[in-house]
Amino acid sequence: MKAFDYIRPESLEEAGRYLTQRKRITLLGGGATLFLQIQTNEQTPDTVLDVKALPGFNDIRYHHNHGLKLGAAVNLQHLATGLEIRRHYPLLNQTVMKLASPQIRNRATIGGTLAWASSVSELAAAMLCYDAVCHTWRPQGTRAIPVSELYVEDFKTVLEPNELISHVHLPPFPARTYGVYQRQTVRHDGR
């Protein structure tokens, strides 16, 4: 494993300075995938910028008229156990409950999972059902990107190199609607 600089900024402005000044910088949210990629040399960053502690990145706010605001650093385990998720966004809750072990869900973050942009992302599929919107920050300003427009191709998003997801907004779930998550998998016994 190649050595790298680790930086934990305390503000978006500080993060922006690093994002514009440094080359080969990699954002760290939960690190569920990044740590594995660094160990196998799939990723060899010069600098890792830890964004988990940035103001607002761990916020969770629900209002029945405005919907749900999830900070980018909120871990997936909260989606599995949070009362506001289970009650108002049951499809999201069902999806996350089947994603991984609680240990992985405690590490993986919403922003990191969406920015990773895997074509098999079950989280992204559930977010699409809720018309979720990613709100981003970059030194040039903010923007709102619907999850339906976030992905360009496998592991590639419309995010610019100096842009990060700050939070995700899910509008209120319409009354009298319901969703069910079903996973289709290959059986391991060969049938």
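Student: Let's start with Tyr130: why is this residue called buried?

Tutor: Its relative accessible area is 4%, and buried means under 20%, exposed over 50% and partly exposed in between, with a 1.4 Å probe and protein chains only. Since 4% falls under that limit, Tyr130 is buried. Before we go on, this is a predicted model, so local features need pLDDT of at least 70 and side-chain atom pairs count only at pLDDT 80 or more, while totals for chains, interfaces and linings use all residues. Residues are numbered from 1 along each chain as its sequence is written, and side-chain values use heavy atoms, with hydrogens and water left out.

Student: What makes Tyr89 and Tyr130 an aromatic pair, and which kind is it?

Tutor: Rings of Phe, Tyr and Trp (its six-membered ring) pair if their centres lie within 6.5 Å; planes under 30 degrees apart count as stacked, over 60 as edge-to-face and the rest as tilted. These two centres are 5.1 Å apart, with 70 degrees between the planes, so the pair is edge-to-face. Tyr89 is in the loop between H4 and H5 and Tyr130 in the loop between H8 and E6, so the pair ties together parts that are 41 residues apart in sequence. Helix and strand labels refer to DSSP runs numbered from the N terminus: helices are H or I with at least four residues, strands E with at least two. Tyr89 is buried too, at 0% relative accessible area.

Student: How do you know on which side of helix H8 its buried residues lie?

Tutor: The buried residues of H8 (residues 122–129) are Leu123, Ala124, Ala126 and Met127. They cover an arc of only 160 degrees around the axis, which puts them on the same side of H8; the arc is taken from the directions from the helix axis to the C-beta atoms. In general, an α-helix has 3.6 residues a turn, so residues three or four places apart point the same way. The buried residues of H8 pack against several elements, including H3, H5, H7 and E10.

Student: What makes a set of residues a nonpolar core, and which residues have the most contacts inside the largest one?

Tutor: A nonpolar core is a set of buried Ala, Val, Leu, Ile, Met, Phe, Trp, Tyr and Cys residues joined through side-chain atoms within 4.5 Å. The largest has 42 residues, and those with the most contacts inside it are Leu79, Leu92, Ile110, Leu114, Met127, Val168 and Leu170. Leaving aside neighbours within four places in sequence, Leu170 is in contact (heavy atoms within 4.5 Å) with, among others, Tyr89, Leu92, Met127 and Tyr130.

Student: Why is Asn41 called partly exposed, and why is Ala117 called buried?

Tutor: Asn41 has a relative accessible area of 45%, so the label is partly exposed. Ala117 has 2%, so the label is buried. Asn41 is not a glycine, yet its phi is positive, about 60 degrees. Ala117 is not a glycine either, and its phi is positive, about 65 degrees. Asn41 sits in the loop between H2 and E3, and Ala117 in the loop between H7 and H8.
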